[in-house]
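Me: Got a model open here. Can you walk me through it?

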Amino acid sequence: MIRFLIRTAVFLASAAVGLWVTSLVIDGVTVSLNGYLITVVIFALAQSILTPFIAKVVSQNARAFLGGVGLLSTFVALLLATFFGDSLVITGGALVWVGATVLTWLFTAIATLLLPIALVKAGVERARNSN
């Protein structure tokens, strides 16, 4: 149960980082503080549900596109988060959407990789200081 909660926290934090950094880099992406947590939950939930579904459909029908599953699920999750969330607004044409998709996917992946390392390092440091 603890591992599940830690994984969930890491996934939510990485989604928050991905959305926030993308909004800093791309002009057409705006994230407001009002409703940000709800938008992050919508994005993370959509991505966690869509990724296995899209991967299954693609693996059965078009195996060559398996590498793009993460990008496709990120795009659909961004689309859902803009429709149902209050704080994410993406304005502009297809180039803004493609850029937002790629950068959100990239920053979310990097945060998903680095956050557990930081948590383990902090836990080790806390254990050393308590002795």
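**Contacts of Thr 112**

Me: Start with Thr 112. Leaving aside neighbours within four places in sequence, which residues is it in contact with?
Reply: Val 10 and Ser 14, once those sequence neighbours are set aside. Keep in mind that this is a predicted model.

Me: What joins the side chains of Thr 112 and Ser 14?
Reply: A polar contact of 3.0 Å.

Me: Where is Thr 112 placed?
Reply: In helix H4, which covers residues 94–130.

Me: Why does Thr 112 count as partly exposed?
Reply: Because its relative accessibility is 33%.

Me: Zoom out. How many helices and strands does the protein have?
Reply: Four helices and two strands. Along the sequence the pattern reads α-β-α-α-β-α.

Me: What box do the C-alpha atoms fill?
Reply: Roughly 55 × 40 × 25 Å, taken along the principal axes.

Me: What percentage of the residues count as buried?
Reply: 33% of the 131 residues.

Me: Take contacts between residues at least 6 apart in sequence. What percentage join residues at least 24 apart?
Reply: 72% of them.

Me: How do the lining residues of the largest pocket divide into nonpolar, polar and charged?
Reply: Eight are nonpolar, eight are polar and one is charged.

Me: Now the largest nonpolar core. How many residues, and which have the most contacts inside it?
Reply: The core has 23 residues. Those with the most contacts inside it are Leu 19, Val 29, Phe 43, Leu 78, Leu 88 and Ile 90.

Me: Which elements give two or more residues to this core?
Reply: H1, H2, H3, strand S2 (88–90) and H4. H2 gives the largest share, eight residues.

Me: Pick Val 29 from that list. What does it touch, not counting residues up to four places away in sequence?
Reply: Thr 22, Ser 23, Leu 88, Val 89, Ile 90, Val 96 and Ala 100. Leu 88 and Ile 90 are also among the core residues with the most contacts.

Me: Thr 22 shows up there. Buried or exposed?
Reply: Thr 22 is buried, because its relative accessible area is 1%. It is found in helix H1.

Me: Which side chain does the Thr 22 side chain make a polar contact with?
Reply: That of Thr 104, at 3.0 Å. Not counting residues up to four places away in sequence, Thr 22 touches Val 29, Ala 100, Leu 103, Thr 104 and Phe 107.

Me: Another threonine, Thr 82. Where is it found?
Reply: In helix H3.

Me: Why does Thr 82 count as buried?
Reply: Because its relative accessibility is 19%, and buried means under 20%.

Me: Which backbone oxygen lies 2.7 Å from a polar atom of the Thr 82 side chain?
Reply: The one of Leu 79.

Me: And what is Thr 82 in contact with, leaving aside neighbours within four places in sequence?
Reply: Leu 88, Ile 90 and Trp 97.

Me: Switch to Ile 6. Which helix does it lie in?
Reply: Helix H1. Ile 6 counts as partly exposed, because its relative accessibility is 44%.

Me: How far apart in space are Ile 6 and Val 69?
Reply: 24 Å, C-alpha to C-alpha. In sequence they are 63 residues apart.

Me: Last one, Met 1. Where is its place?
Reply: In the segment before H1. Met 1 counts as exposed, because its relative accessibility is 73%. The C-alpha atoms of Met 1 and Val 17 are separated by 24 Å, and the two are 16 residues apart along the chain.

Terms used:
Residues numbered from 1 in each chain as written. Predicted model: local features only at pLDDT ≥ 70, side-chain atom pairs only at ≥ 80, totals over all residues. Heavy atoms only, no water. Buried < 20%, exposed > 50% of the residue type's maximum accessible area, 1.4 Å probe, protein only. Contact = heavy atoms within 4.5 Å. Polar contact = N/O pair within 3.5 Å; in protein donor to acceptor, adjacent residues only side chain to side chain. Nonpolar A, V, L, I, M, F, W, Y, C, P; charged D, E, K, R; others polar. Core = buried A, V, L, I, M, F, W, Y, C linked by side-chain atoms within 4.5 Å.
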